[in-house]
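Subject: Structure for your review

Dear colleague,

Please find the structure below, together with its sequence. A short account of the findings follows it.

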Amino acid sequence: MGDTVHLVDGSLYVCRAWFAQVPDAHDADGHPAHAVHGFARFLLDLFERARPTHLAVAFDESLNSSFRNALYPAYKANRPAAPDDLMRQFAGCKAVARAFGATVLTDDQYEADDLIGSALARLREAGFRGVIVSADKDFGQLIGHADEQWDPARNQRWDSAGVKSRLGVHPHQVADYLALTGDAVDNIPGVPGIGAKTAAILLHHFGTLDALLARAEEVAFLRTRGAAAASMRLREHAEIARLSRALTGIALDAPVPAHADEYRRKPLDDAIDELLERMRFGPLTRARVRALREA
């Protein structure tokens with residue numbers, strides 16, 4: 001395997017910075033900029049620790065317009081609308097990512113997960129391995145034999161075997177697993193009464209969700225607690241399971257740059273100085289940016 005591409009779940013780290021930081025930083029117009037400052041520090045940490053040569057940062061633009069909303073209007077409907085200030089700081093974080101030399105991926109039909117999955121699919125064709133920078137379990141479905149997922153905050157990395165040890169299923173089963181368990185964060189229903197342990201056991205025995213639903217009556221004969229109830233629930237809620245599977249699968253055909261060179265990290269140029277001034281970054285961040293530019 002040749003080069004490595006780092007694919008960053010930008011929205012996750014913007015939101016982490018938004019909630020974790022005290023809003024004590026402001027931009028030149030007086031607007032809060034604490035999430036922008038926190039996100040910049042996260043990216044600088046990433047650059048200093050990993051020295052990525054190829055890098056993309058994906059952001060969610062499709063909070064209410066994803067193709068998943070057309071399949072299931074209640075998708076993510078449980079989430080309150082993002083405050084105007086958070087949306088303003090999202091724009092600032094995108095500007096920071098671009099200024100730091102990353103390729104920024106956004107789309108109003110596809111989520112960050114889909115953009116990362118599609119970029120990885122394209123770059124694998126060019127011989128790349130992927131490092132997905134995120135703590136989100138959904139990305140387990142993308143981890144191939146040479147790939148890794150990395151949660152820098154906890155300093156944890158895991159490969160395809162690590163996905164199995166964390167979730168109890170192989171990467172190619174993760175979307176099926178999530179379709180069974182549901183996801184309260186994204187308002188994906190799943191099959192009522194099927195929890196993580198049961199989902200892993202069922203997929204161990206039947207391999208795929210399709211096979212499980214086709215042979216749901218056999219579940220009652222498994223030597224596991226609650227097998228009869230699980231069999232009944234699977235038969236009653238088969239269509240919900242299939243709908244959930246359409247929501248949990250990460251798309252691999254989103255519109256992303258096609259060529260490896262389009263993901264190569266770009267050198268910092270003088271335009272970053274204006275951004276540093278506009279966002280009122282302090283001397284420590286400016287010194288780290290200067291070191292990054294000179295590296």
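At what angle do helix 2 and helix 4 pack, and how far apart are their axes? In this predicted model, helix 2 (residues 34-50) packs on helix 4 (residues 84-99) at about 30°, and 8 Å separates the two axes. As angles under 35 degrees count as roughly parallel, helix 2 is therefore roughly parallel to helix 4. The crossing of helix 2 with helix 4 is right-handed. Helix 2 contributes His34, Ala35, Val36, Phe39, Ala40 and Leu43 to the contact, while helix 4 contributes Asp85, Gln89, Gly92, Cys93, Val96 and Ala97. Of these residues, eight are nonpolar, three polar and one charged.

Turning to the sheet, six strands form an open arrangement in the order 3-2-1-4-5-6, and their pairing is mixed. Strand 3 (103-105) and strand 6 (156-158) each have a single partner strand, so one side of each has no neighbour in the sheet. On average, neighbouring strands are turned by 20° against each other, direction ignored. Within the sheet, strand 4 (residues 129-133) pairs with strand 5 (residues 148-151) in the parallel sense over three bridges, and Ile132 is placed opposite Gln149 of strand 5. Helix 1 (residues 10-20) lies across strands 1, 2, 4 and 5, and runs at about 45° to strand 1.

Finally, helix 11 (residues 238-248) has Ala238, Ala241, Ser244, Leu247 and Thr248 as its buried residues. These buried residues pack against helix 3 (67-71), helix 7 (174-181), helix 9 (209-214) and helix 10 (227-236).

With kind regards

Conventions: Residues numbered from 1 in each chain as written. Predicted model: local features only at pLDDT ≥ 70, side-chain atom pairs only at ≥ 80, totals over all residues. Heavy atoms only, no water. Axes fitted to C-alpha atoms, helices over the stretch in contact; angles between N-to-C directions. Helix = DSSP H or I, 4+ residues; strand = E, 2+ residues; numbered from the N terminus. Parallel < 35°, antiparallel > 145°, perpendicular 65-115°, else oblique. Left-handed = near helix turned anticlockwise from the far one by under 90°. Contact = heavy atoms within 4.5 Å. Nonpolar A, V, L, I, M, F, W, Y, C, P; charged D, E, K, R; others polar. Buried < 20%, exposed > 50% of the residue type's maximum accessible area, 1.4 Å probe, protein only. Pairing = 2+ DSSP bridges.
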